[in-house]
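Keep the 3D view open as you read.

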Amino acid sequence: MTAQILDGKATAAAIKTGLKERVDALRARGITPGLGTLLVGDDVGSQKYVAGKHRDSEQIGVRSIRRELPATATQEEIEAVVRELNEDPACTGYIVQLPLPKGIDTNRVLGLMDPDKDADGLHPTSLGRLVLNEPGPLPCTPQGIIQLLRKHDVELAGAHVVVVGRGITVGRSIPLLLTRRSENATVTQCHTGTRDLPALLRQADVIVAAAGVPHLIKPEDVRSGAAVLDVGVSRDEHGKIVGDVHPGVAEVAAWISPNPGGVGPMTRAQLLVNVVEAAERTAGE
Ligand SMILES: Nc1nc2c(c(=O)[nH]1)N[C@@H](CN(C=O)c1ccc(C(=O)N[C@@H](CCC(=O)O)C(=O)O)cc1)CN2
């Protein structure tokens with residue numbers, strides 16, 4: 001292995017230490033931030049992610065509010081829980097774990113959330129604020145990736161970032177963050193309709209692989225100085241994570257995020273940043 005590791009676990013732990021101090025300060029003023037989650041169905045991956053979010057919350061003194069519905073839940077039942085979380089004063093920020101079961105109108109559910117309680121940065125108002133350069137919660141995985149690169153001094157200003165994927169949690173929004181003046185990167189967005197993906201990948205200083213296609217990014221597609229972030233989560237027959245990045249890429253790239261242990265913990269840390277910032281805003285700080 002030649003690549004240096006973009007250590008998401010350690011970086012997330014440092015962020016959580018800083019957040020705990022801010023939560024302690026809020027609690028000393030009688031304000032306890034509360035993270036709500038709505039999990040619908042029995043997807044094992046989603047159950048793990050939600051459990052991890054609550055484990056992190058508890059570590060830093062954020063209250064956990066868990067709502068679960070079966071995979072058979074109707075649109076109306078899901079919307080009723082969203083309304084309940086909107087009204088619950090103990091819940092200062094919340095997320096609806098994605099994906100929702102087939103047949104559910106996800107955009108309608110997200111649109112019903114109180115934008116001031118959006119901990120995921122995926123509410124239409126939050127995405128609009130991002131486009132307009134206004135303050136608001138940032139999408140967790142994209143902002144987690146940027147923090148991970150910053151922490152390891154990987155230069156983004158002037159860099160050519162190739163994003164592979166156009167899903168709502170990462171691919172769609174990360175170009176909006178990367179092209180802000182504060183990051184100043186140039187982005188090429190690729191997807192299943194992209195002609196000659198390897199040719200574009202070979203031009204990249206940074207690759208964000210979020211396609212959900214096991215081992216899509218091959219060693220021969222990566223420049224030797226590149227940083228490669230593996231966001232993809234597929235599972236093999238034993239339930240083990242298989243990322244979008246072929247293991248051989250670690251022999252070529254300058255930087256690589258492990259999977260697990262890279263982008264996942266950063267997603268969870270950024271969620272807590274959003275929850276704490278929302279509680280601070282409410283407290284008038
Ligand atoms: N409402 C949302 N739903 C989903 C999001 C999101 O940002 N908001 N992103 C993904 C899943 N995701 C967040 O919920 C997520 C993925 C992975 C991890 C994580 O900590 N992974 C660990 C490994 C855990 C395991 O063993 O499976 C790691 O990478 O080390 C956290 C959150 C889709 N849904």
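Please keep in mind that the model is predicted.

**Strand β5 and its neighbours**

- His160, Val162 and Val164 point one way from β5, Val161 and Val163 point the other way, and all are buried.
- On one side, β5 pairs with β6 in the parallel sense over five bridges; here Val164 has Cys190 of β6 as its bridge partner.
- β5 also pairs with β7, again in the parallel sense, over four bridges.
- Two of the residue pairs to look for between these strands are Val163 with Val208 of β7 and Val162 with Ile207 of β7.

**The whole sheet**

- Which strands make up the open sheet, and in what order? Six strands form it in the order β1-β11-β8-β7-β5-β6, with parallel pairing.
- The edges are β1 (4-5) and β6 (186-190), each of which pairs on one side only.
- In β7, Val206 and Val208 point one way, Ile207 and Ala209 point the other way, and all are buried.
- β7 runs parallel to β8 and is joined to it by four bridges; in β8, Val228 is the bridge partner of Ile207.
- Strand β8 (residues 227-230) pairs with β11 (residues 255-256) in the parallel sense over two bridges, and Ala227 has Trp255 of β11 as its bridge partner.
- Helix α6 (residues 140-151) packs on the sheet, where it touches β7 (206-209) and β8, and its direction makes about 145° with that of β8.

**Salt bridges**

- How many salt bridges does a search of the whole structure find? The search finds 11.
- Arg67 forms one of them with Glu84, and the closest N and O atoms are 2.8 Å apart. Arg67 lies in strand β3 (residues 63-69) and Glu84 in helix α3 (residues 75-87), so the pair ties together parts that are 17 residues apart in sequence.
- Both partners are partly exposed, Arg67 at 26% relative accessibility and Glu84 with a relative accessible area of 35%.
- Arg150 forms a salt bridge with Glu183, with the closest N and O atoms 2.4 Å apart. This pair links distant parts of the chain, 33 residues apart: Arg150 is in helix α6, and Glu183 is in the loop between α7 (174-178) and β6.
- Is Glu183 buried or exposed? At 3% relative accessibility Glu183 counts as buried, whereas Arg150, at 40%, counts as partly exposed.
- The side chains of Arg223 and Asp205 also meet in a salt bridge (2.8 Å, N to O). Arg223 lies in the loop between β7 and β8 and Asp205 in the loop between α8 and β7, so parts 18 residues apart in sequence are tied together.
- Arg223 counts as partly exposed at 34% relative accessibility, and Asp205 counts as partly exposed at 27%.
- Lys16, Asp56 and Arg268 are linked in a network of salt bridges.

**Loops and backbone details**

- Leu132 lies in the loop between α5 (124-131) and α6 and counts as exposed at 59% relative accessibility. Together with Val131 and Leu176, Leu132 makes a nonpolar surface patch of about 280 Å².
- Asn133 is found in the loop between α5 and α6 and counts as exposed at 62% relative accessibility. Its phi is near 65°, a positive value in a residue other than glycine.
- Asp196, in the loop between β6 and α8 (197-201), has a positive phi of about 55° although it is not a glycine. Asp196 is partly exposed, with a relative accessible area of 48%.
- The peptide bond from Leu98 to Pro99 is cis, with omega near 5°, and Pro99 sits in the loop between β4 (93-96) and α4 (106-112).
- A cis peptide bond also joins Asn259 and Pro260, with omega about 10°; Pro260 is in the loop between β11 and α9 (263-282).

Definitions and conventions:
Residues numbered from 1 in each chain as written. Predicted model: local features only at pLDDT ≥ 70, side-chain atom pairs only at ≥ 80, totals over all residues. Heavy atoms only, no water. Pairing = 2+ DSSP bridges. Contact = heavy atoms within 4.5 Å. Axes fitted to C-alpha atoms, helices over the stretch in contact; angles between N-to-C directions. Buried < 20%, exposed > 50% of the residue type's maximum accessible area, 1.4 Å probe, protein only. Patch = residues over 30% accessible without salt bridge, like charges linked within 9 Å, V, L, I, M, F, W, Y side chains within 5 Å. Areas by Shrake-Rupley, 256 points an atom, 1.4 Å probe, with all protein chains shown as cover. Salt bridge = Lys/Arg side-chain N within 4 Å of Asp/Glu carboxyl O.
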